[in-house]
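Thanks for taking a look at this one with me.

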Amino acid sequence: MRQIQWFPGHMAKTRRMIASNLSLVDAVAEIIDARTPLSSRNPEMDSMTKGKPRIILLNKCDLADERATQRWISWFRAHGSEAIAVDCKSGKGLKAFLPTVREKVLAELMEKRRRNHMEGAPVRLMVVGIPNVGKSSLINKLAGSKRAKAEDRPGVTRTKQWVKLGGNVEMLDMPGVLWPKFDDQESALRLAFTGAISDDILDSESLAMELLVYLAKTYPQALVTRYKIEIDDGDGGLELLEKVGRKRGMIVSGGEIDTERAAIMIVDEFRGGKLGRITLELPTETEQPCGE
Ligand code: G4P
């Protein structure tokens, strides 16, 4: 997994980069992980984009609980941000992207341009999001072969490139890479579950045990179906991990359960969607978008 260390200097540079690019675009496409819609958002996003029209893309919706994703979409809309669910790996949901930008996110600008007979002017967007959330996948899916890869332009310094997406929309070929929400333990854990942040915040067994406890509480059926285990009331992380390891025949010499192997498998299977479509955070009444 690619890792980015978010030192204060790096954050300041990112803020500056976003601020200077913002002046070039009409709207921002903020891409977040549909499994962790709050933790995968940048805590300063709202203040950084300073009222610029914005669309939120709940990406990796193929891995998230469909009903939860619908709740999040309603929640973001209720808080004034247009939001759609997408899967940038397969391209599912992306058909709605450009029409939503033109007709909803930028409705006012489009109307103003119509009045001023400026309909021909391109609409310009930039993509922002935390590492690994799917920014490159989005740009590649939307731009397809029209996007020249950096390595295909030898000797050319990577300057600002605009990718034409059709419908007179252009996207900045360089996404804004932001840091995720790190300010509480719960968020850090959820980001570790999805692989959005480095695995070294926890050893694999602790991570798997935390994940199992979380799943036993919120999606017990996913564990029962995948691993054919029974979940008992008092089961903690270790008991669950051992149950899965035993069921999978992960036994080392002496009859002990190879909990490390089981842990790695569980986290991998979770991230690959093999346990089903799971969302790790739900909107609550008191939840507020970052920065509000
Ligand atoms: P980034 O630019 O924001 O850093 O993210 P990038 O597009 O590189 O995507 C990171 C990983 O997430 C990639 O997986 C990518 O395939 C996967 N991904 C992106 N969008 C989706 C989605 O909607 N659904 C699912 N299931 N996965 C998505 P990878 O393991 O790094 O590569 P690979 O599996 O594609 O080979």
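The points below go from the ligand site to the nonpolar cores.

1. Please keep in mind that this is a predicted model. The values in this note are computed from that model.

2. Let's start with the ligand. Its shell is made up of 16 residues, and the closest are Asp-62, Asn-132, Lys-135, Ser-136 and Ser-137. Sorted by class, the shell holds 6 charged, 5 polar and 5 nonpolar residues.

3. Three of these side chains are worth a zoom. Asp-62 places a polar side-chain atom 2.8 Å from a nitrogen atom of the ligand. Ser-136 has a polar side-chain atom 2.6 Å from a ligand oxygen atom, and an N or O atom in the side chain of Ser-137 is 2.6 Å from an oxygen atom of the ligand. As for cover, the ligand taken alone exposes 700 Å², of which the protein buries 67%.

4. Which helix gives the largest share of the shell around the ligand? That is helix H6, residues 135–143, with 3 residues.

5. Now for the interior. In soluble globular proteins, nonpolar side chains tend to be buried together. Here the largest nonpolar core has 59 residues, and Leu-57, Phe-97, Leu-138, Met-171 and Leu-215 have the most contacts inside it.

6. Beyond its neighbours within four places in sequence, Phe-97 is in contact with Ala-29, Ile-55, Leu-57, Ile-84, Leu-125, Leu-142 and Met-171.

Key:
Residues numbered from 1 in each chain as written. Predicted model: local features only at pLDDT ≥ 70, side-chain atom pairs only at ≥ 80, totals over all residues. Heavy atoms only, no water. Near = heavy atom within 4 Å. Polar contact = N/O pair within 3.5 Å; in protein donor to acceptor, adjacent residues only side chain to side chain. Areas by Shrake-Rupley, 256 points an atom, 1.4 Å probe, with all protein chains shown as cover. Helix = DSSP H or I, 4+ residues; strand = E, 2+ residues; numbered from the N terminus. Nonpolar A, V, L, I, M, F, W, Y, C, P; charged D, E, K, R; others polar. Core = buried A, V, L, I, M, F, W, Y, C linked by side-chain atoms within 4.5 Å. Buried < 20%, exposed > 50% of the residue type's maximum accessible area, 1.4 Å probe, protein only. Contact = heavy atoms within 4.5 Å.
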